[in-house]
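Please open the structure in your viewer and keep the sequence panel beside it. The stops below take you from one selection to the next.

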Amino acid sequence: MYVYNMPIAQLNIAKMLAPIDSPTMSGFVNNLDRINALAEESIGFIWRLTGEEDNATAIKVFEDDSIIINMSVWQDVESLKNYVYKTAHVEIMRRKKEWFSKMESMHMVLWNIPEGHTPTPQEAKERFAYLNENGESDYAFNFKYLNK
């Protein structure tokens with residue numbers, strides 16, 4: 001059962017229109033550090049997946065090299081919602097069509113984690129696959145599920 005006061009992990013994916021180092025993606029890349037710093041400064045932020053560039057764009061979880069991931073952990077779902085929908089992060093979401101293809105499947109998954117647990121990309125991929133194959137449940141869900 002979903003528990004509102006437990007930490008929440010999130011994975012979102014996006015399919016790039018062009019390679020990450022292309023001019024097409026420059027507007028996205030140029031905003032990564034600012035938006036990631038905003039997340040880290042947000043109330044309720046606990047952790048985010050990073051690679052060599054201090055972001056997760058080079059971490060390959062899916063076979064398709066054009067798919068990039070973002071993964072983080074938050075104190076609770078309200079903290080994550082506030083960051084996603086009530087900060088400058090919204091600017092980036094509004095511009096996503098400039099950089100990313102429309103996804104055929106769901107592109108985000110949320111799940112509760114025990115206090116102190118750091119999820120792995122493989123764990124996130126499994127939750128993501130479960131959500132897309134079985135639909136929303138307490139095991140793998142999205143914001144819409146929480147509003148039911």
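One term is needed before the first stop: a polar contact is a pair of N or O atoms within 3.5 Å, where, inside a protein, one atom must be able to donate a hydrogen and the other to accept it. With that in mind, select Ser-26 and Pro-23, and you will find that the side chain of Ser-26 reaches the backbone oxygen of Pro-23 at 2.9 Å. Please remember throughout that this is a predicted model.

**The whole chain**

Zoom out and colour by secondary structure, which comes to five helices and five strands. Along the principal axes, the C-alpha trace spans about 45 × 35 × 30 Å. Of the 148 residues, 46% are buried, and among contacts between residues at least 6 apart in sequence, 72% join residues at least 24 apart.

**Helix 1**

Select residues 26-41, which form helix 1, and return to Ser-26, which lies in this helix. Ser-26 counts as partly exposed because its relative accessible area is 31%, a value that falls between the 20% limit for buried and the 50% limit for exposed. Although Ser-26 and Pro-7 are 19 residues apart in sequence, their C-alpha atoms are 33 Å apart in space.

**Helix 2**

Move on to residues 77-86, which make up helix 2, and display the buried residues Val-77, Ser-79, Leu-80, Lys-81, Tyr-83 and Val-84. The buried residues of this helix pack against several elements, including strand 1 (8-16), helix 1, strand 3 (67-74) and helix 3 (89-94). At the N-terminal end of helix 2, select Asp-76, which caps the helix, with a side-chain oxygen 3.3 Å from the backbone nitrogen of Glu-78.

Asn-112 is buried, with a relative accessible area of 15%, and a polar atom of its side chain lies 3.4 Å from the backbone oxygen of Pro-7.

Then select Asp-54, in the loop between strand 2 (45-48) and strand 3. Asp-54 counts as partly exposed at 42% relative accessibility. Its backbone deserves a look, for most residues other than glycine have a negative phi. Asp-54, although not a glycine, has a positive phi of about 65 degrees.

**After helix 5**

Finish with Asn-147, whose place is in the segment after helix 5. Asn-147 counts as exposed, at 56% relative accessibility. To end the tour, draw a distance from Asn-147 to Gly-51: these residues are 96 apart along the chain, and their C-alpha atoms are separated by 33 Å.

Notes. Residues numbered from 1 in each chain as written. Predicted model: local features only at pLDDT ≥ 70, side-chain atom pairs only at ≥ 80, totals over all residues. Heavy atoms only, no water. Helix = DSSP H or I, 4+ residues; strand = E, 2+ residues; numbered from the N terminus. Buried < 20%, exposed > 50% of the residue type's maximum accessible area, 1.4 Å probe, protein only. Contact = heavy atoms within 4.5 Å.
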